[in-house]
Amino acid sequence: MSVWSGRRRALTVLLFLLPTIIAVLIFNIYPTILNIYTSFTTRNKYKPNPDCSVALSGVLDPLCWPVFRDTAPVGLGEPYRIADPPFKNYTDLLGKLFAPPALISLGKMLVCLVPLIIANAVNKRFAKEVTPPLASGWVWLMAIISVVILGFVLDFFAALATLMETGDFLVVVLRTVMFVAIRVPLTFLVGLILALILNSQHLPGRTFFRVVLFIPWGASAVAILIALVWQFFFRDQGVINQLLLAVFNYKGPVWLNSPVWATVVIVLADIWFSYPFFMVSILGALQSVPNELYEAADVDGASPWQQLMGITLPLIRPAIVPALVLTSITAFQMFGTAFAITAGGPQLGADKPGATEYVMVYAYRQIYQVSNYGRATAFAVLIFIMLFLATLYSLRITKITKGAR
Amino acid sequence: MSKKLFPVISILLIVAFALAACTPKPTEVKNVTITIWHQWDGKYLEAIQQAFADYTAAHPNVTIDLSKPEDVANALNVAIPAGEGPDIIGWANDKIGEQALKGNIVALNDYGITQDFLTSTYEPAGVNGVVWSGKIWALPESQEGIALIYNKAIVTDEYLPTDPMNFDDLYAKAEKFQEDTGNVLVCNQAFGGSDAYHMSPIFFGFGVPSYIDETGKANLNTPEAIAAAEWLLKFKDVSLAENSYDICFAALKEGKVGMWWTGPWAVAGIEESGIDYGILPFGRPFVGIKTLMMTKNAVDRGNQDVVIDIMKYFTGAEVQKKLSLINKTIPAATEALLDPEVQALPAVAGFGAALNLGVPMSPSPYSSAQWDPVGKATQAIWQGAATPADAMAAAQTAAEEAVAQMK
C-alpha cells in the first residue's frame, strides 16, 4: 500500500471536487455576486449597458466578456454606474424605516408582542414542574388579553399604518406574510379534515375519493391556466355572480376590484391547489399510527376529539412540521395564481404596490414591466436576507436537518 | 503510357486548372434567412404572411422567418448580445427611444434611407413617428388610433354624440341609452384596467397635451388631467364594472353594449361576426405608428441590404394597399393611403378622422415612463381606491421619478 504524499492527496481530492466546485461557482456564487453588484448600480431600462472600463462591471457583466464584447449593443444611452449614494436602491425600498417615527412605531409593535414571549417562557418553566401552578391555556389567555390591552393603549394599528408608509418593501413583505399566515393554516385544516375522512375504514370507495381529491395537485402544474378558470368564476359577469343572481336574485360584488375580496379569491384558489399536498402527507403519516392506541383510548373512554388531540396530532407531528415549513416557503413565493387572477391588482395608486402584489409579483413587475434592475436586485437581496434568517430559525424549530451531517 | 507524355499532361492539367480559376464564376446567389419578430396576430397575420410569401417567391434566395416571441423586450436583451436576435423587429414607434438607448436597433441613415425618401413616401405622422434625436430609426408601416365602433342595429342616431370633443354629451347619451335599453353604451378595456393607451382619447380630449412630453415633463396633475379623471369616475356609473378586450368584443356581439372604444385591429373580427358597424371618432387618441426596425444583429450578419429591401417592400404603397383592403389598416405610405379603393373603406375613413384629431405617440424614450403611472392611477380611480386628484398627483410623482431615473 503506497502512502500518499500530502500534496498529491490534496490534488486528487481537489480534482474530484472540482466539477462540483465549478458548478457551484457558476450557478450559485456568480449569479449571487452579480445580483448584489447590480443592486448597488443605477441599472434600469434607460441605462441598460455596462461601462466596461469600470473594474467590477468589466469582470461581472457578461456584456463585457470577450465572447460578447464585440456583439454587445452600444446604444445612445449612458452606461449604468454605481448609484449615488451606493445604498440608494436600498433606501428607496426601505424608505423611512430607519427614521424616528417608523422606529418608534416598530418599537410599539414589538412591545405589544412582549406578553406572548413572557407567556412562552413561563409555560416552559411550569412544564418542568410536577404540578404547574397555572394551566398553560390560562397563561396564554392572559398573554393574549395583555396583548389586546397593550394594542389599544399603544395604538397598534396606527403604528402599523406608519410602518406601511415607509416604502414598498415593508408593504409587500407584510402583505405576503399575511397571505402566508391565512393560507397555510387553512390549507392544513382542509388537508387534515380530508385526510381523516379518507383514512376512515368505513368510507366506501376510498380509492376513488383519494384519486379525485388529489386532482388539484396535478392541476397545480399548470397553475396559471387553472387560475384563469378561478378568475373566470369571480369576474363581474362570472359564474359566481350569475349563480348569485339566478338563485338568490342578488347582484354580487365586482370581486376582483376590491382589495379584500381579491385577496380572498387568491387564497381560495391557492388552497384548492395546495390542500392535496397536506392531505397526502397527513394520510401517509396516519398509516403509521398504531391502531392499538385508539383501541386503548376507546377503552379509557376518550372522545374522538381527545383522540385527535392526544394521539393523532402528536404522532403525525414529525411528518406535518416539515410539510408546514415547505408550504410556507412556497406560499411566500406565490406568483402564478396571484399573477393570473389579478396581476397584482387591484391597483391602489401609482405610487403604491397593488393590493395583491406579493413579493414575487412585485419582483416580476420591477424586472419585466418597469425594467428597474437596480431596485429589483436590491429587493432580492433584502428578501434573501430575510428568508435566510427565517429558514435558519425554522431549521432550529423543526430540526429537519438533524442527523444529516 | 509513355513517360514522355507525363510532362505534357501535367502542363495541360496546370493550364486547365489555371484557366478554370480565371474564368469568371457564375454569380453565386447567397441564401439568406431573415428573421422578423413581430406583434401581428390572428386574422391580421394571414394577409401579412402572404405579403412576405410574395416577396420570397420573387427572391428565391431569401427565406423569411416570422415569429412572435412572448416578451419581445426581454427576449431582445438576451438575444441581441448573443447574436441570436432577429434582423427586423415589427413594433410600435414608442419603443424606438428605449431600443436606441440600448443599442438593439440601428439608425437607418447609414444604410441609404434619407429624410427626403421618408417625407416623399410616407405620411407626416409616420415620418415624425420614426425620427428621434435627428436620426431615422424605422420605416412606418401603418398608423393606428382608437375610435368608437358602434353597432348600427342598436345605436341609433339619437345616441351618437355629435361633437367628438363633447364629453358631457357622451355621458348624457350613455345615460339615456342605459335608461332606454337597460344596456351600456360604451365599452373600453381601459375602464377598470391598467391601460394608459386606451385612456388617451379621454385625457387628451380634455386638453392634456401629452402624458409626458419630449423634454420629459409630465402633465398628469394638471387641471385638465384631473377633469378627465373626474369624468372617468362619473362615466363608471353608465359602464360595465369590468372591461377587457374579450369582454367588450363579446358584449358588442351579444348586443349588451352599443359601442366599443377600440382600434383597427378589432375590425376584422367584428366584420367576421357579421355586425353592421359604424366608426365614430371621439376624443383625441394616441396615434401610434407600427414600424419595422432593423437590429444590430442584421448589420453584424451582413444582411443590411436585404433587410432594407424587405422593409421598403413591406412598408411600400403596393403591399400596404393590399393589406389595407384586407386588414382595414391605415397605411403610412402616402400613395397607398390616397388610393381611391383604400379611401373608400369605411374603416379607413372612420379611423382616419380619429387620427386627424389624435396626438402622435412620441418615439422618445420618455414615452416608456408614461404607461405604468397613468394605468395604475386610472385603475385606482375606477376601483375607488383613490380620488381623481390624489391618484393623478401620485401618478405625476411616479412619472417624474421614472423620468429622473433616465437623467
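Author: What follows is a conversation about a predicted model, in which each term is set against the rule behind it.

Reader: What makes strand β3 of chain B count as largely enclosed by the rest of the structure?

Author: A residue is called buried if 20 or more other C-beta atoms lie within 10 Å of its own. In strand β3 of chain B (residues 88-92), 4 of the 5 residues are buried, and therefore the strand is largely enclosed by the rest of the structure.

Reader: Which sense describes the pairing of β3(B) with strand β11 of chain B, and over how many bridges does it extend?

Author: β3(B) and β11(B), which covers residues 286-294, pair over 5 bridges in the antiparallel sense. Within this pairing G90(B) stands opposite L292(B), while W91(B) has T291(B) as its bridge partner.

Reader: Which other strands pair with β11(B)?

Author: Strand β6 (residues 139-144) of chain B pairs with β11(B) over 5 bridges in the antiparallel sense, with L139(B) opposite L292(B). Strand β13 (residues 359-360) of chain B pairs with β11(B) in the parallel sense over 2 bridges, and there V287(B) stands opposite P360(B).

Reader: Why are β8 and β10 of chain B called edge strands?

Author: Chain B has an open sheet of 4 strands in the order β8-β9-β7-β10, with mixed pairing. Its edge strands are β8 (184-187) and β10 (277-280) of chain B, each of which pairs on one side only. From one strand to the next, the twist averages 25 degrees.

Reader: How do you know that strand β7 of chain B is paired with β10(B)?

Author: The requirement is at least two bridges, and 4 bridges join β7 (residues 147-151) of chain B to β10(B), so they count as paired; the two run antiparallel. One of the facing pairs is L148(B) with its bridge partner L280(B).

Reader: Which strands of this sheet does helix α10 of chain B touch?

Author: Helix α10 (residues 245-253) of chain B packs on the sheet and touches β7, β8 and β9 (257-262) of chain B, its direction making about 145 degrees with that of β9(B). Helix α17 (residues 346-357) of chain B lies across β7 and β10 of chain B, at about 20 degrees to β10(B).

Reader: How many residues of chain B are in contact with chain A?

Author: Contact requires C-beta atoms within 7 Å, and 36 residues of chain B are in contact with 28 residues of chain A. The largest share of the chain B side, 7 residues, comes from α19(B). By class, that side has 16 nonpolar, 12 polar and 8 charged residues.

Note on methods. Residues are numbered from 1 along each chain as its sequence is written. Chains are lettered from A and ligands numbered from 1 in the order in which they are written. This is a predicted model: local features need pLDDT of at least 70, side-chain atom pairs count only at pLDDT 80 or more; totals for chains, interfaces and linings use all residues. A residue is buried if 20 or more other C-beta atoms lie within 10 Å of its own, exposed if 12 or fewer, and partly exposed in between; C-beta atoms are placed from the backbone. Axes are lines fitted to C-alpha atoms, for helices over the stretch in contact, and angles run from 0 to 180 degrees between N-to-C directions. Two residues are in contact if their C-beta atoms, placed from the backbone, lie within 7 Å. Ala, Val, Leu, Ile, Met, Phe, Trp, Tyr, Cys and Pro count as nonpolar, Asp, Glu, Lys and Arg as charged, and the others, Gly among them, as polar.
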